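Here's a quick briefing to read alongside the model. Have the viewer open and follow along.

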Amino acid sequence: MLLWNLEARDLTLRYTWKISRNASDVKTNLFVTVGDDRFQGRGEAAPNTRYGETPDLLQQQFQTLQANGLDQVASVEELQHLMRLHPVLPALRFAIESAFVHYLCRKNGQTVTEFLGVTPVSSAPTAYSYPIMEPGKIAAFTKEHGLHRFEYLKVKVNQESGLHMLSEVVKATSQGLIIDANEAWQDPDSLMRFFEGLKKYPILMIEQPMPSQLEEEYLYLKKRSPYDLFADESVTDHADWDLLQQQFHGVNMKLMKAGGYLNGLEILQKTRSLGLKTMIGCMMETSMAIWSALQLAHGVNLLDLDGMLVVKDEPFHLVREEAGRLYPVEQP
């Protein structure tokens with residue numbers, strides 16, 4: 001019999017994290033531990049209200065699993081079957097699956113990449129994100145957080161201040177830029193006008209500029225966009241792949257959305273098979289979940305795994321950042 005535990009932790013952020021739909025100074029994440037008297041594995045859930053996830057709801061779902069035989073699970077297949085019988089939202093599903101995989105790997109003397117059948121990486125570059133802020137604060141923010149050390153940067157934007165923010169970013173930095181609108185635009189024509197204002201900037205790609213439900217609008221936009229469009233909110237733990245390849249040039253896979261290593265790996269493989277570009281992103285996470293994302297980073301086009309760098313007093317130190325690169329240190 002395995003012993004499972006779930007703990008909630010409030011994570012204070014280094015600054016206000018503002019995107020087009022919300023802002024926060026503290027995030028509450030959940031941490032799963034599973035083990036026996038010799039070995040343990042840990043996993044992290046970062047609930048996201050965009051997908052109907054709250055700490056309270058995920059805690060209730062965990063209790064339901066416990067009441068229905070979670071401690072009797074002996075394989076990943078049994079675990080997945082239990083979570084199908086008693087549905088669990090993706091962030092918690094990832095935390096539970098990853099904790100169990102980490103436990104099995106320790107028990108069997110196996111690395112996680114060996115378990116998954118993927119190539120390990122010793123380090124990988126990450127983007128670092130500007131949250132939405134007053135444009136006049138960009139220069140000081142860039143200097144304070146040493147953003148010149150990153151290979152590329154992400155800029156969170158909305159319709160109101162996006163171009164003004166970008167004009168200040170390019171004064172302060174010279175790196176290539178990922179533009180992330182988090183579904184802020186409602187129609188492709190206004191978005192194309194925004195794109196006109198980007199022509200003089202070093203734009204790498206645009207991430208999910210309109211709501212995922214605007215399917216026809218994305219078909220229209222892809223044919224006209226001068227920039228690669230990457231799906232984020234349009235891909236959760238599933239996607240309409242036939243439609244998606246007509247709407248986007250790439251996919252941002254997040255383990256918190258995918259609901260686990262196995263499905264995350266499947267999403268990356270499906271993305272590549274369709275000739276689309278790959279990206280791995282994160283929510284506001286500690287190094288526990290960022291370590292997991294790095295296990296799948298081999299061959300991925302872009303990485304945006306800066307969540308742990310925004311957490312003040314990051315508690316686990318399972319990943320080290322140096323000169324804009326992430327180095328996995330210790331398995332959760």
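Is Arg-93 buried or exposed? Arg-93 is buried, at a relative accessible area of 18%, where buried means under 20% relative accessible area, exposed over 50%, and partly exposed in between (1.4 Å probe, protein chains only). Bear in mind that this is a predicted model: local features need pLDDT of at least 70, side-chain atom pairs count only at pLDDT 80 or more, and totals for chains, interfaces and linings use all residues. Residues are numbered from 1 along each chain as its sequence is written, and side-chain values use heavy atoms, with hydrogens and water left out.

**Annotated domain**

- UniProt, in an unreviewed entry, lists residues 135-228 as "domain: Mandelate racemase/muconate lactonizing enzyme C-terminal"; its positions are given in the numbering used here, feature names are shortened, and annotations may be inferred rather than shown by experiment.
- That span, residues 135-228, is 39% helix and 16% strand, and its end C-alpha atoms sit 25 Å apart. Helices (H or I, at least four residues) and strands (E, at least two) are DSSP runs, numbered from the N terminus.

**Salt bridges**

- Searching the whole structure turns up 16 salt bridges, each being a side-chain nitrogen of Lys or Arg within 4 Å of a carboxyl oxygen of Asp or Glu.
- Arg-93 pairs with Asp-237 in one of these salt bridges, with 2.6 Å between the closest N and O atoms. Since Asp-237 is in the loop between β9 (229-231) and α9 (241-247) and Arg-93 is in helix α3 (residues 90-108), the pair ties together parts that are 144 residues apart in sequence.
- Glu-321 and Arg-149 make another salt bridge, their closest N and O atoms being 2.8 Å apart. This pair links distant parts of the chain, 172 residues apart: Glu-321 is in strand β13 (residues 319-322), and Arg-149 is in the loop between α5 (138-144) and β6 (152-156).
- Arg-149 counts as partly exposed, at 33% relative accessibility.
- Lys-154 and Asp-180 meet through their side chains at 3.3 Å, N to O, in a salt bridge. Lys-154 is in strand β6 and Asp-180 in strand β7 (residues 176-180), so the pair ties together parts 26 residues apart in sequence.
- Lys-154 is buried at a relative accessible area of 1%, and Asp-180 is buried too, at 0% relative accessibility.
- Salt bridges with shared partners join Lys-154, Lys-156, Asp-180, Glu-207 and Asp-304 into one network.

**Helix α1**

- Helix α1 (residues 55-67) has 13 residues and should span 18 Å at 1.5 Å a residue, which agrees with the 18 Å between its end C-alpha atoms; the expected span is 1.5 Å times one less than the number of residues.
- Its buried residues are Leu-58, Gln-61, Phe-62 and Leu-65. They cover an arc of only 100° around the axis, so they lie on the same side of α1; the arc is that of the directions from the helix axis to the C-beta atoms.
- Those buried residues of α1 pack against β1 (3-18), β2 (23-35), β3 (40-45), α2 (76-85) and α3, with contact meaning heavy atoms within 4.5 Å.
- Exposed Asp-56 and Ala-67 are on the face of α1 turned away from its buried side.

**A three-stranded sheet**

- Three strands form an open sheet in the order β4-β14-β13, with antiparallel pairing; two strands pair if DSSP finds at least two bridges between them.
- β4 (124-125) and β13 are the edge strands, each pairing on one side only.
- β4 and strand β14 (residues 325-328) run antiparallel and are joined by two bridges. Pro-125 has Arg-325 in β14 as its bridge partner.
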